Amino acid sequence: MLISKIKKITLAGSLCLLASSAAAGYDFEVGEDGKLTFGGYIKVDARYVSGDVGYRDFWIGTGTPLEASASQFRIFANETRFNTKYVHGDVMGFIEMDFLGGGGNQVVSNSANPRIRHAFIKYEGLTAGQTWTTFMNTSAIPETADFAGATVGLAFIRQGQIRYDIGGFQFSIENPESVGGDTANDDLPDVVARYNFKGDWGDISISALGRSLNTDLGNSETAFGGSIAGRIKTFGKDDLRFQFHQGEVGRYVGIGVARDLVGEEVESTTSYLAAYRHFWTDTLRSTALYGRVETDIGNAERSQWSLNLFQNLTPHLAIGFEVGNFEIGDQDVDSDYAQLSFRYAL
């Protein structure tokens, strides 16, 4: 039995490498009650950034203000990712990696280190491992060339957690981290509760977040925040995606804009995103978006807008072009960007 399984896994790997471009993912039976699924995509980006915020391969909530305006162009494929799903009866395991882990240089090899994105086990309603925080609604992420798109307006975290789903309810305990405080004494997990509304019209989630934060002077502070996010179908294939986050959400939104603690105080954040996707034809579509985040102690103000056009050249190969702007309002600097992307779904 073991030798038979090994042969099947070896065959699966060989077929995955030899599969034609028409295939959309690869499923292979393993034993009497098991299945392996291989997937992912290859993404190639050509990106141009010009302005007084330093170049990044994709915008996050922080940036480097420049004394003088600069322009930079790069071609890279680091967002490329692959994943494997293992199913045996009622148990599912999922692993996904990409190449945004850093390393290498642009002189010779342009090497990039792989990193784990997701690694979790799921059994019935129980999920354990590293994956998207329960506070985050992934259906509300817009389609963009820039990775994730307007991250200043997104709840965007992957971390270790134990989650239980029952009906539309989700409850989780998740990895704690007191950003700006004493992380060595983070002895209580973050707690998230969420309810999902779903229908032919789309979906909306309402989430609540509770945390215990530890300051550098040894004090313990309680932090609470909330979120509403979703995707609403409008006309034809069009949709509106939105997110709104308010309260002491700290590191859960904006990717680096807010700290959980500033000195001995808990920082409060307001973050929002709106994105509308319109289909010009069945394969040609555009997304226009705007995202913004503000904090009350650090007085951070960050925003991003973008407009793009995507076309499916084949059912699995898409090409997209996007223009936009990222602004650090509290430091009165901004940069424009243009990006061309090719994405081949395996």
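**Buried residues, charge pairs and a cavity**

Reader: A300 is found in the loop between β17 (284–295) and β18. Is A300 buried or exposed?

Author: The model is predicted, with local features needing pLDDT of at least 70 and side-chain atom pairs pLDDT 80 or more, while totals for chains, interfaces and linings use all residues. Residues are numbered from 1 along each chain as its sequence is written, and side-chain values use heavy atoms, leaving out hydrogens and water. Because its relative accessible area is 5%, and the classes are under 20% for buried, over 50% for exposed and partly exposed in between (1.4 Å probe, protein chains only), A300 is buried.

Reader: What distance separates the C-alpha atoms of A300 and R259?

Author: Along the chain, A300 and R259 are 41 residues apart. Their C-alpha atoms are separated by 10 Å.

Reader: How many salt bridges does a search of the whole structure find?

Author: A salt bridge is counted when a side-chain nitrogen of Lys or Arg is within 4 Å of a carboxyl oxygen of Asp or Glu. By that criterion, the number found over the whole structure is 18.

Reader: Which residue meets the side chain of D45 in a salt bridge?

Author: D45 is buried, at 1% relative accessible area. The N to O distance is 2.7 Å, and the partner is K43.

Reader: What is the volume of the largest cavity?

Author: A cavity is a set of points on a 1 Å grid over the protein atoms alone where a 1.4 Å probe fits but cannot get out, and lining residues have an atom within 4 Å of a point. K43, D45 and D57 are among the residues that line the largest cavity. Taken as the space filled by probe spheres set on the points, its volume is about 50 Å³.

Reader: How many residues apart are R74 and D57, whose side chains meet in a salt bridge?

Author: The N to O distance of this pair is 2.9 Å. R74 belongs to strand β3 (residues 65–76), whereas D57 is in the loop between β2 (34–53) and β3. Both count as buried, R74 at 13% and D57 at 18%. The pair links parts of the chain at a separation of 17 residues.

Conventions: 1 Å grid on protein atoms, 1.4 Å probe; cavity = no way out; pocket = protein on both sides within 12 Å on 5 of 7 lines; lining within 4 Å. Helix = DSSP H or I, 4+ residues; strand = E, 2+ residues; numbered from the N terminus.
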